Amino acid sequence: MAARRVSSLLYRSFSASSPFLFRSQGRNCYNGSRIARRFGTSSAAEEIISPSVQVSHTQLLIDGNFVDAASGKTFPTLDPRTGEVIAHVAEGDAEDINRAVKAARKAFDEGPWPKMTAYERSRIMLRFADLVEKHSEQLASLESWDNGKTYEQAKTSEIPMLARLFRYYAGWADKIHGLTVPADGNYHVQTLHEPIGVAGQIIPWNFPLLMFAWKVGPALACGNTIVLKTAEQTPLTAFYVGKLFLEAGLPPGVLNIVSGFGPTAGASLASHMDVDKLAFTGSTDTGKVILGLAANSNLKPVTLELGGKSPFIVFEDADINKAVELAHFALFFNQGQCCCAGSRTYVHEKVYDEFVEKAKARALKRVVGDPFKKGTEQGPQIDLKQFEKVMKYIRSGVESNATLECGGDQFGKKGYFIQPTVFSNVKDDMLIAQDEIFGPVQSILKFRDVDEVIKRANETRYGLAAGVFTKSLDTANRVSRALKAGTVWVNCFDVFDAAIPFGGYKMSGNGREKGIYSLNNYLQVKAVVTPLNNPAWI
């Protein structure tokens, strides 16, 4: 499938309205049938569908083998639909990180991976992509079960994109080369682009497989070996694709996968003296800790993809119906658990009231329920901690006198479901407009003119992404260049093509993932200078 088509599926597959029924669900602090109709949301049946996949790998992948943690400890990974245990997974800690790094170092220094031709590396990556497609249903089921995202989203968008990303990086493997550089004097000067060595990678729980690809793909294409730590909430799919990589012919020790917790496994990886490079995706606060550990160990280079509070700006000339739908998608996609979510919706004052009413109506139609049920648009939050965090911010919005248009409560009686929530009359100094909520909470703010909205949009510690919705090319050009963000989507949102770089300004991180820019993260540049005796030319 073409890259553009895969990435655009993210919008097309999850933006359509579905039939709905107004009714309150679960606990609701707004009693009475009239209030329930106002604040309710569209519902899906509450029966739980059993996934058609078996959990086959729960051990650590080290040096080509699935092994228990050195301590013998395990921890539960939970079904966010119910809070019940899916499986018990090996709990890696410092000793397991040491074992994994030792295997990766041996595979880099002595193994065939960095020494084989780039073409052969690309063939292994292409075989892996074929296996991903062959096992797409199992992968989508595991991803949905462990994470809570809808099966439709995983199957039709994320698994195809996983395969596409690895094919993209496989294509780069034999196109990484240096330069011949002219120099003053009789010298031959060349630059070599060499693999950096052992790459430590820490991925988040919101897009486990895609973040796996964003990091593992370029690292392998450049000839590195890897120690990857999964998020403790979502370890299952990484082990599954680790098995597929071995089946594709990846040599032992090239890819090592350790499940565990941040203060133990994560900290050990970040501070390890034999890890040559570190990549992390997660919260800004954790990113600061990671950067400090890396600096205080062997000063390993670090790329960080961190938090965001992205503005989505709707101008007065916009097609309001389309703008409402796109803004809804920009915020509620993946249960709102997206670092670049359009979580500050700025709307011009001339169309503000109309936009708010239609945004509320769209949120009320959003189908919440079992992510395995066809037609479900929104599953549960990842776990109890995240559920409680989102509910805290909803209470903060009410207490700060923002207008709660709809939602605001738990959905259903079990699991970590939250009603799609919309606030209007939000001010820039409110917590719901300042902090990254990472949940299904849309904050709608009013603005008057272009200069004002540019200034307000940039007054944040984050700079990951932004959205601009306008019919005016002049407005689009002016605003997209003025916004301090790593990605600006114009009349679209969440387009994640394999070739498009992604990363942040300010406290949203440093470095870029995807595209040609990601290769720089995993390469060393070496200059080689040789004297020339009686050259025919220089």
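Trainee: Which residue forms a salt bridge with R81?

Mentor: D370 does, and the closest N and O atoms are 3.1 Å apart. A salt bridge here is a side-chain nitrogen of Lys or Arg within 4 Å of a carboxyl oxygen of Asp or Glu. Keep in mind that this is a predicted model, where local features need pLDDT of at least 70 and side-chain atom pairs count only at pLDDT 80 or more, while totals for chains, interfaces and linings use all residues. Residues are numbered from 1 along each chain as its sequence is written, and side-chain values use heavy atoms, with hydrogens and water left out.

Trainee: Where are the domain bounds?

Mentor: Domain 1 is 58–305 and domain 2 is 309–497; such bounds come from an automatic or database domain assignment. Their centres, taken over C-alpha atoms, are 31 Å apart.

Trainee: How many residues are in contact?

Mentor: 24 residues of domain 1 are in contact with 26 of domain 2, contact being heavy atoms within 4.5 Å.

Trainee: And what area is buried between them?

Mentor: About 2,000 Å², with carbon and sulfur atoms giving 61%. That is accessible area (1.4 Å probe) that the two parts lose on being put together, summed over both. On the domain 1 side, P80, R81 and W205 lose the most area to domain 2, together 29% of what that side buries.

Trainee: How many salt bridges are there between the domains?

Mentor: The count between domain 1 and domain 2 is one.

Trainee: Changing topic, what does UniProt annotate?

Mentor: The unreviewed UniProt entry has "domain: Aldehyde dehydrogenase" over residues 66–528; annotations may be inferred rather than shown by experiment.
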